Amino acid sequence: MDDNQLIKNIQNKDSKAFQTLVERHQTKVINICNGFVHNKDDAQDIAQEVFIEIYKSIDKFRSEAKLSTWIYRISVNKSLNFIRDNKKNKWLQSLDLLFVSDKNINNNSFIDEDKLEEEEKTKIIHQALNSLAENQKIAFTLNKYEDLSYKEISEIMKISISSVESLMFRAKKNLQKKLINYYQKK
Amino acid sequence: MKCKEVNKELIFYTDNNLSKEKKQAIENHLKTCAHCRNLYNVFKESFEIIEKEKIKELDSFFYSHLSEKINQIENKKEKVIWLKSKQVYFQAIAASLIIFLSIYSGIFLGTTNLDKSANYTNSEDYELFAESYNLNQNTKSTYEMSLLEIEEKNK
């Protein structure tokens, strides 16, 4: 079933068609959300919100745009909103993390050093990604977490392909700078 | 190629975004420079971490959780629609109750006042009547005048 037929069936309240849409785009949406929030549980929750939004507003969808472009745009917006909402409660979270990390230190006397090193490297790359300007982060996440082409990214972000190229170039430059700084200090 | 130049291009080399010539020059440099090789490994590992984070399999519970949430939303929607459709009836019942109560209280107050005022026929009785309702002097004299008028007519 092609996307247009799928949309028509969903608009006619066909639940099977909606299930097909979810299964077709589920992993892509979760990967995009995860690329922004770097937490699989949060990414799953945001992805659920994305599909609820799609279910609610499928009647407003115009087939001039590609279905996947529309879905990915909703995914980006929902993820950015989640990050903004989370920032408001950041000080509370940092307090919580303080207690959790203390508990971990007390409970885990046998620590796998390789695992710790990988966790640290993951944390560093996440921090570097989070420090990028919003547009650079969107372009980089869509390209690296979902392998989307520059053309697809330009459609989602509603900018030209050359602007996407420029955003990707600056994102990589900034990441390079952050990572070099971190490892040279070490 | 010097380390400084290589460091500027290393992430593009790792991501395979360079021309053949630049790529070859960096490869030659990495063979002899341990410092740049370490940095290259950092970038390589960073891209590998991103690759590892990708989810490739479908979560079978994802759709069941989602349809549960959607059912809840639909149920709420139905309740709101039902309440809205009954809104007219609720408003009509409330309006008739208000009208009934105001008519009933009007009748009740009217009959009790008539009962009280019916017994007052002379000036002394009026004192009691006026006292109970705090009526002023003007009204009392008007009442006395009307009594005199009645007496004159009777004569």
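So, a definition before anything else: a salt bridge here is a side-chain nitrogen of Lys or Arg within 4 Å of a carboxyl oxygen of Asp or Glu. With that rule, the structure holds 12 salt bridges over all chains. The general idea is that side chains of opposite charge can pair when their charged atoms come close.

Now the housekeeping. What you see is a predicted model, where local features need pLDDT of at least 70 and side-chain atom pairs count only at pLDDT 80 or more, while totals for chains, interfaces and linings use all residues. Residues are numbered from 1 along each chain as its sequence is written, chains are lettered from A and ligands numbered from 1 in the order in which they are written, and side-chain values use heavy atoms, with hydrogens and water left out.

Let's start with chain A. What does its secondary structure come to? We get 9 helices and 0 strands, where helices (H or I, at least four residues) and strands (E, at least two) are DSSP runs numbered from the N terminus. Of the 186 residues in chain A, 42% are buried. Buried means under 20% relative accessible area, exposed means over 50%, and partly exposed is in between, with a 1.4 Å probe and protein chains only. Chain A exposes about 10,900 Å², and carbon and sulfur atoms supply 48% of that; accessible areas come from the Shrake-Rupley method with a 1.4 Å probe, and for residues, only the protein chains shown count as cover.

One more thing on chain A, about contacts, meaning heavy atoms within 4.5 Å. Take the contacts in chain A with a separation of 6 or more: residues 24 or more positions apart account for 63% of them.

On to where the two chains meet. How many residues of chain B are in contact with chain A? There are 33, and they are in contact with 38 residues of chain A. The area buried between the two chains is about 3,400 Å², with 64% of it from carbon and sulfur atoms. Buried area, by the way, is the accessible area (1.4 Å probe) that two parts lose on being put together, summed over both. Ile55(B), Phe62(B) and Tyr63(B) supply 21% of the area that chain B buries against chain A, more than any other three residues.

Let's zoom in on Phe62(B), which is found in helix 4 of chain B. Is Phe62(B) buried or exposed? It's buried, with a relative accessible area of 0%. Leaving out residues up to four places away in sequence, Phe62(B) touches Val22(A), Gln26(A), Ile30(A), Gln44(A), Ala47(A), Gln48(A) and Phe51(A).

Across the interface of chain B and chain A, the rule finds 5 salt bridges. It also finds 21 residue pairs in polar contact there, both at pLDDT 80 or more. A polar contact is a pair of N or O atoms within 3.5 Å; within protein, one must be able to donate a hydrogen and the other to accept it, and residues adjacent in sequence count only if both atoms are side-chain atoms. Which elements give two or more residues to the side of chain B that touches chain A? Those are helix 1 (3–14), helix 3 (34–53) and helix 4 (60–117) of chain B. Helix 3 of chain B gives the most, with 11 residues.

Now some individual pairs. Glu117(A) forms a salt bridge with Lys121(A), with the closest N and O atoms 3.3 Å apart. These two are 4 residues apart in helix 6 (residues 113–130) of chain A, so about one helical turn separates them. Glu117(A) is partly exposed, with a relative accessible area of 41%. Glu117(A), Lys121(A) and Glu45(B) are linked in a network of salt bridges.

Last one: Glu51(B) and Lys54(B) meet in a salt bridge through their side chains (3.2 Å, N to O). Glu51(B) is partly exposed at 37% relative accessible area, whereas Lys54(B) counts as buried at 9%.
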